[in-house]
Amino acid sequence: MPELKLFVAPNTCARVPTIALEEIGVSFETELIRTAAGQQTSPEFLAINPKGKVPTLLIDGAPLTENVAILRWLAASYPEAKLLPEPLDALEAARQTADLAFFAGTVHPVVTRIAMPMKMIPDAAQSFETVRPKGTEDMRKIMAMIDARLEDGPWWYGAEWSVVDGYLFWVWSRITGVGFDGSDFAHITRHFALSQERPAVQRAMAREARNIETLEAEGLYMAPR
Ligand SMILES: N[C@@H](CCC(=O)N[C@@H](CS)C(=O)NCC(=O)O)C(=O)O
């Protein structure tokens, strides 16, 4: 059993591998990165991940970065957890990678425009009036597509939950948490409610809540707005 440590920060996409690790049920530690204090760009953290991002997973002390790679590694290393469906062939495996890459490379940047618009242009006040509305418009098209996909089954791949559903759970909570109107997307709304019932999701959110408490006590919590 490798020793696993995941670097995380509340509300970030590090929630996705946290959920995956909780679904596996393996023992792991999380280490909080204080982004408001710029800890992600500290020399100590950059020595681990020069990109200065969470999630970063230490596997017996060796770092693995990028959600797609972390989730793929977890799925391959703990097959009994069924984080992804068993692929029939190389093409199906590639399509699963495409699904993860879609969330990491296409959906996540639009989440950032909605949830952290101030990162996109120098004028923070203006970012909420320009970047967020355009991000919201783009996200509605993405969500319409995802909602249609979920028509036939509760989860991304139908009857069985997968880490792609963990990704969608993070995206949905992040955008609705800052006012994205999800009322047109009944299947995603159902998906979110079902996700919240999963014990692994609840444990991941409890870990996050403890980290939020720590940051609040230190005056370093940036609440979503
Ligand atoms: N491509 C990376 C993106 C990771 C990423 O953007 N993480 C954000 C949080 S959601 C982060 O670490 N932000 C801190 C910063 O940029 O200062 C992945 O999918 O893992």
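A cavity here is a set of points, on a 1 Å grid over the protein atoms alone, where a 1.4 Å probe fits but cannot get out. Grid points are joined across faces, edges and corners, and the volume is the space filled by probe spheres set on the points. The model is predicted, so local features need pLDDT of at least 70 and side-chain atom pairs count only at pLDDT 80 or more, while totals for chains, interfaces and linings use all residues. Residues are numbered from 1 along each chain as its sequence is written, and side-chain values use heavy atoms, with hydrogens and water left out.

One cavity of 30 Å³ or more turns up. About 70 Å³ of space lies in the largest cavity, and its lining (residues with an atom within 4 Å of a point) includes T12, R15, R207 and E208.

Now for the ligand. Its surroundings (residues with a heavy atom within 4 Å) are T12, C13, Q40, K53, V54, P55, E66, N67, H108, K119 and Y167. Both domain 1 (4–82 + 200–217) and domain 2 (90–198) give residues to this shell, so the ligand lies between them; the domain bounds come from an automatic or database assignment.

What about polar contacts, meaning pairs of N or O atoms within 3.5 Å? A side-chain N or O atom of E66 is 2.6 Å from a ligand nitrogen. Ligand oxygen atoms pair up too: one is 2.9 Å from a backbone N or O atom of N67, and one is 3.2 Å from a side-chain N or O atom of K119. The protein covers 80% of the 520 Å² of accessible area (Shrake-Rupley, 1.4 Å probe) that the ligand has on its own.

Technical notes: A polar contact is a pair of N or O atoms within 3.5 Å; within protein, one must be able to donate a hydrogen and the other to accept it, and residues adjacent in sequence count only if both atoms are side-chain atoms. On a 1 Å grid over the protein atoms alone, a cavity is a set of points where a 1.4 Å probe fits but cannot get out, and a pocket is an open set with protein on both sides within 12 Å along at least five of seven lines; lining residues have an atom within 4 Å of a point.
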